[in-house]
Amino acid sequence: MGTSVYVGILEDGSEVAVKKMLIETCEDAAENEKEILSLIEAKKSPYIVSYRLLLKDSIFFYLIADLCENTLNDHVSSQSIENLKEDGPRMVKEILTGLTFLHDQRILHRDLKPSNILVDVECHMRLADFGISRVLNEDETTLYTDAKGTQGWMSTEVLEAIDRACKCRYKKKSDVQVTGMITFFILTKGEHPFGASHQRMTNIKEGNPMNLEHLVDLCARKFVLSLISHDIKDRPYAHEALRHSFMDKIKLRDAISMPRIISWDSWLKLKECS
């Protein structure tokens with residue numbers, strides 16, 4: 001769509017990312033992204049990419065934001081499966097924390113995928129690319145909108161709307177379902193819970209997850225299954241997912257690396273998820 005990303009250097013010497021977009025094809029997306037990022041800037045989050053400036057000339061928009069080292073796509077491909085199983089819960093927690101931050105401000109991302117999650121120099125996750133994001137009104141829980149997203153990374157609700165050629169009923173839990181797909185992607189080093197690319201759309205619509213045998217850890221499997229539930233009512237909100245026992249794996253890892261006294265109840269909870 002005429003979009004490129006470059007490294008830029010500001011007058012103070014700091015490096016930034018410069019997203020260059022053709023006005024002809026990206027005007028609505030660029031203005032929307034500026035609006036969303038301006039809302040986010042009012043209450044910064046360490047897990048959302050920081051926006052600096054939006055400039056334009058007669059041909060291009062230039063969106064200037066913090067520079068990150070990598071996309072989640074590239075980061076996952078560069079890691080061993082052992083490292084991803086070990087560090088995956090922490091990565092997922094940061095993604096869900098960023099998503100909770102957005103949802104608390106009534107922002108629906110609508111285009112979550114591994115290439116739209118950035119990894120900074122300290123390996124922290126940053127949600128990015130808000131070109132098709134939308135803001136719910138104060139009293140709204142559902143956004144009635146055109147069905148948009150990226151093939152293979154759309155929720156059941158979006159795909160059903162595409163099939164029916166009607167407006168999509170998009171909710172916060174629609175973002176959560178895609179986060180479940182991304183969680184599986186991280187923990188399995190690039191696999192997708194709904195199978196190969198040619199069958200994903202059908203499997204998502206039919207609620208038919210595949211490849212679950214790649215998640216040997218039953219706690220991780222239950223966590224992913226809850227997030228990718230076909231029925232939107234069965235999915236947790238992002239802030240609820242953060243309280244799942246899968247997140248205790250981060251505490252368990254810390255407990256192993258740094259011995260400390262914990263209660264018997266806490267130990268049983270950690271052991272259940274190990």
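An open sheet of four strands runs in the order E1-E2-E4-E3, with antiparallel pairing. Strands here (E, at least two residues) and helices (H or I, at least four) are DSSP runs, numbered from the N terminus. Two strands pair if DSSP finds at least two bridges between them. The model is predicted: local features need pLDDT of at least 70, side-chain atom pairs count only at pLDDT 80 or more, and totals for chains, interfaces and linings use all residues. Residues are numbered from 1 along each chain as its sequence is written, and side-chain values use heavy atoms, with hydrogens and water left out.

Angles run from 0 to 180 degrees between N-to-C directions, and axes are lines fitted to C-alpha atoms, for helices over the stretch in contact.

E1 and E2 run antiparallel and are joined by seven bridges. Val5 has Lys19 in E2 as its bridge partner. The hairpin of E1 and E2 has five residues between the strands, and Gly13 there takes a positive phi near 90 degrees. On the E4 side, strand E2 (residues 15-22) pairs with strand E4 (residues 60-66) over seven bridges, again in the antiparallel sense. Val18 stands opposite Ile64 in E4.

Helix H1 (residues 23-41) lies across E1, E2, E3 and E4. H1 runs at about 140 degrees to E2.

## The three-stranded sheet

Another open sheet has three strands, in the order E5-E7-E8, with antiparallel pairing. Its edge strands are strand E5 (70-71) and E8, each pairing on one side only. E7 and E8 pair over three bridges in the antiparallel sense. Val119 has Met125 in E8 as its bridge partner. Helix H3 (residues 81-104) packs on this sheet and touches E7 and E8. The direction of H3 makes about 30 degrees with that of E8.

The protein is divided into domain 1 (3-66) and domain 2 (70-257). These bounds come from an automatic or database domain assignment. Taken over C-alpha atoms, the centres of domain 1 and domain 2 are 24 Å apart. Domain 1 gives 17 residues to the contact, and domain 2 gives 20 residues. Contact means heavy atoms within 4.5 Å.

About 1500 Å² is buried between domain 1 and domain 2, with carbon and sulfur atoms giving 65%. Buried area is the accessible area (1.4 Å probe) that two parts lose on being put together, summed over both. Which three residues supply 39% of the area that domain 1 buries against domain 2? They are Ile36, Tyr47 and Ile48, and they supply more than any other three residues.

Arg126 sits in strand E8 (residues 125-127). Arg126 counts as buried because its relative accessibility is 15%. Buried means under 20% relative accessible area, exposed over 50%, and partly exposed in between (1.4 Å probe, protein chains only). A polar atom of the Arg126 side chain lies 3.1 Å from the backbone oxygen of Pro46. Leaving aside neighbours within four places in sequence, Arg126 is in contact with several residues, including Pro46, Tyr47, Ile48, Asp66 and Asp120.

Asp111 lies in the loop between strand E6 (107-108) and E7. With a relative accessible area of 11%, Asp111 is buried. The side chains of Asp111 and Thr150 are joined by a polar contact of 2.8 Å. A polar contact is a pair of N or O atoms within 3.5 Å; within protein, one must be able to donate a hydrogen and the other to accept it, and residues adjacent in sequence count only if both atoms are side-chain atoms. Leaving aside neighbours within four places in sequence, Asp111 is in contact with Asn116, Ile132, Gly149 and Thr150.

Cys123 and Ala165 are residues other than glycine with positive phi. Cys123 lies in the loop between strand E7 (117-119) and E8. Ala165 is found in the loop between helix H4 (156-164) and strand E11 (168-170).

| Residue | Phi | Relative accessibility |
|---|---|---|
| Cys123 | near 65 degrees | 31%, partly exposed |
| Ala165 | about 55 degrees | 72%, exposed |
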